[in-house]
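Visitor: Hi! Could you walk me through this structure? I'd like to start with the ligands.
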Amino acid sequence: MQLFQMHRGLFALYLVLGSLFILGGATKCTQQSVRKEWRSLSREDRGHWITAVKCLANSPNDGVFVSSLNPPDIAPYNASGSLFDDIVYAHMNLNHRIHWNGLFLPWHRWYLFLFDSLLRSRCGYRGPLPYWDWTKDAADFYESPFFKDSDPESGLGGWGDASKGFRVLDGAFSASSSFQLSYPFPHTLRRSYTLIPPLDVVFPVPGLVWNHTRPGNASFTKPVVENLIDGFVGDYKGFQARMEGVEGPHLNVHFTIGGDVAGACPVDAPAGCISGPTFSSNDPLFFLHHAMLDRVWFKWQKKHNLNKNAFEGGSVQHLENASAFGLYPTGGPPYLTVESELPTVGLSAPFIVANMISTTEWPLCYVYD
Ligand SMILES: *[C@@H]1O[C@H](CO)[C@@H](O)[C@H](O)[C@H]1NC(C)=O
Ligand SMILES: *[C@@H]1O[C@H](CO)[C@@H](O)[C@H](O)[C@H]1NC(C)=O
Ligand SMILES: *[C@@H]1O[C@H](CO)[C@@H](O)[C@H](O)[C@H]1NC(C)=O
Ligand SMILES: *[C@@H]1O[C@H](CO)[C@@H](O)[C@H](O)[C@H]1NC(C)=O
Ligand SMILES: [Cu+2]
């Protein structure tokens, strides 16, 4: 209890200092960290990253989570969850505020920053933040060596076992490892390869037209990503809509992997489990995937002066039907500005969108290789 009180006190101080830094604008980067592709990390660094992720999953939460929304479509908060579970719950709780509206890119940039900061401050990680360049795996995703690293210390593991509810049985996050999840109910990591994600099930927008024969991997090839980076000059909304929409890499990587990272409830889930994008950050691949999306945004920002500081979007998602979504693919009014606050549910100091635009300025201080 005393420790808990102390954490709260420190946290309050952190909040105050954070606000001062923002208001004073006095904080500068002392160095730029370089984020690297997973496979270019040494085996040792991959092991260190995985060990730190498992450390978060075996650390008690800080008791600082503050609910922002209370959506009816997620499991209730579990106070016995780990620090990792609290990070997952932030994504569940905020689902409707951070997807298909203007907060998508800046919020997920903050979320990676938070995760990385906790890996370092709480679990001693010192290596590079890894991203996963899935364009290297698009041609034959299922058979890709990326999913064949079964090393119990440094391997991300592969596909789940169909006869065991698609639970992952190899690698460092296997069912028999210390990586145990609490949301939406206590279970171990699942992955379920899906060639053509059933977008009408996983992204149920009535009337939305999608191609029922198009494999998910057609959306995350090298040419697709190059077109994203080269296109949409000055058009932030177009860029985001393409990245996040049904033909873009965001959804398709999530749903081609399937299982936890697709937010899918298993067939043997207890009653009350509701599928949705909510608990997708259960799979550590979530963070590697979103780091790649963040890198695509970073590269797009660097590509053209008109992209550099571009930001626009609504605050309210419109998934009620295809015409509303077509009109507002990145959210409807009230519109956001760079002064809009990012919901951080108590897990970090408050930040605004402007803090997440330039990766080389405080508080972010990073580049991609
Ligand atoms: C997508 O994956 C399938 C199955 O591995 C493969 O046949 C197809 O060529 C891939 N598509 C692209 C665009 O690479
Ligand atoms: C809450 O999480 C803990 C730790 O994972 C678990 O043991 C417990 O069963 C969970 N409670 C509920 C109601 O899911
Ligand atoms: C749907 O996808 C298939 C396979 O990628 C492609 O051959 C076909 O042209 C697409 N149909 C439409 C209407 O885009
Ligand atoms: C779509 O949703 C909008 C906004 O909620 C509503 O005004 C409109 O009637 C709906 N259109 C269809 C075709 O259902
Ligand atoms: Cu998300």
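Predicted model: local features only at pLDDT ≥ 70, side-chain atom pairs only at ≥ 80, totals over all residues.

Visitor: Okay, and which residues are around ligand 4?

Guide: They are E320, N321 and S323. E320 also has a polar side-chain atom 3.1 Å from an oxygen atom of ligand 4.

Visitor: How much of ligand 4 does the protein cover?

Guide: On its own, ligand 4 has 370 Å² of accessible area, and the protein covers 29% of that.

Visitor: Got it. What surrounds ligand 3?

Guide: You'll find N211, T213 and R214 there. The side chain of N211 has an N or O atom 2.4 Å from an oxygen atom of ligand 3. As for cover, the protein takes up 28% of the 360 Å² of accessible area that ligand 3 has on its own.

Visitor: Switching topic: which protein donors does the copper ion have?

Guide: The copper ion is ligand 5, and its protein donors are H91, H99 and H108. Each one uses its NE2 atom, lying 2.1 Å from the copper ion.

Visitor: What spacing do those donors follow along the chain?

Guide: The pattern for the copper ion's donors is H-x7-H-x8-H.

Visitor: And is H91 buried or exposed?

Guide: H91 is buried, because its relative accessibility is 1% and buried means under 20%.

Visitor: What about H99, buried or exposed?

Guide: H99 has 2% relative accessibility, so H99 counts as buried too.

Technical notes
Residues numbered from 1 in each chain as written. Chains lettered and ligands numbered in written order. Heavy atoms only, no water. Near = heavy atom within 4 Å. Polar contact = N/O pair within 3.5 Å; in protein donor to acceptor, adjacent residues only side chain to side chain. Areas by Shrake-Rupley, 256 points an atom, 1.4 Å probe, with all protein chains shown as cover. Donors = N, O, S within 2.8 Å, 3.2 Å for Na, K, Ca; no water. Buried < 20%, exposed > 50% of the residue type's maximum accessible area, 1.4 Å probe, protein only.
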